[in-house]
Amino acid sequence: MPHSRHRRSLAATCILALMGGTLTSLPAVADSPLGWIHSDHRNAYTQDPWSIELLIGGLAVNETIDVLNIREELLAGTRRLVGDSGDLSGQLAGVQVGLTPGISAFYRRQQTALTVDIGEVSSINLLDIEDSLDTTLTSYGFKWNLFESGLFDNARPWHALSLEVSRIENSTDDFKGRLDRINITENFKIFFTNPQTFALENLEEDGWLSRLL
């Protein structure tokens, strides 16, 4: 699975899943157990033919919401990050459609903004710098049920095996800043008549992902 160059996946909250269609028992097809909602969970269940599941959710990490201590670890690793650095907000949406018994297609899109508040840097004189990394992640593909054991029975769990194949595209907006001085030593400094711009550009990646569920 391709890994983002920009940051780790962060905790998701406020997820609301709405699913249309009915759940019925089809032999040799991994239909969901009664009352099951897929949401964004990775599982081997496929949608019933022509049923649709919609996913709408929000993402947040801050001083109060940090279940995995990701923000705390990020700030502890460097003294350059100050203020609200590590705060994250965003939203996600997705749709999953049952095409045939045992095959579902899906599309997911997630947009996040990660706060990056840079403190004073002694080696340069920063005039201004971006304070947010804005990233868009999309994935789309299909899930094919390969195996299912047992018949529909609410009294016992199901076991199933599916192959999921997806295309993943990940991109982050350019991260820019301006400076007017570089401090080589205390007595040796380089001044710029016109402030110079620096930037991290083309922060993007894409790839294919296949896995067994």
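Reply: What follows takes the aromatic rings, then the strands around them, then a separate sheet. This is a predicted model, in which local features need pLDDT of at least 70 and side-chain atom pairs count only at pLDDT 80 or more, while totals for chains, interfaces and linings use all residues. Residues are numbered from 1 along each chain as its sequence is written, and side-chain values use heavy atoms, with hydrogens and water left out.

Rings of Phe, Tyr and Trp (its six-membered ring) are taken to pair if their centres lie within 6.5 Å, and the planes count as stacked under 30 degrees apart, as edge-to-face over 60 and as tilted for the rest. By this rule the count comes to one aromatic pair. The centres of the Y107 and Y140 rings are 6.4 Å apart and their planes stand at 20°, so the pair is stacked. Because Y107 belongs to strand β4 (residues 103-115) and Y140 to strand β6 (residues 132-149), the pair ties together parts that are 33 residues apart in sequence; strands here are DSSP runs (E, at least two residues), numbered from the N terminus. Y107 has 36% relative accessibility and counts as partly exposed, and Y140, at 33%, also counts as partly exposed, where buried means under 20% relative accessible area, exposed over 50% and partly exposed in between (1.4 Å probe, protein chains only).

A second ring contact involves F106, since the charged end of R108 sits over the F106 ring, 4.3 Å from its centre; the criterion is NZ of Lys or CZ of Arg within 6 Å of the ring centre and within 35 degrees of the ring normal.

Strand β4 pairs with β3 in the antiparallel sense over twelve bridges, two strands being paired if DSSP finds at least two bridges between them. Within this pairing V97 stands opposite A105 in β4. The two strands form a hairpin with two residues between them, and G102 in the turn has a positive phi of about 100°.

Elsewhere, an open sheet of three strands has the order β5-β8-β9, with antiparallel pairing. Its edges are β5 (124-129) and β9 (189-200), each with a single partner strand, so one side of each is left without a neighbour in the sheet. Eight bridges join strand β8 (residues 175-183) to β9, and the bridge partner of F175 in β9 is L200.

Key: Helices (H or I, at least four residues) and strands (E, at least two) are DSSP runs, numbered from the N terminus.
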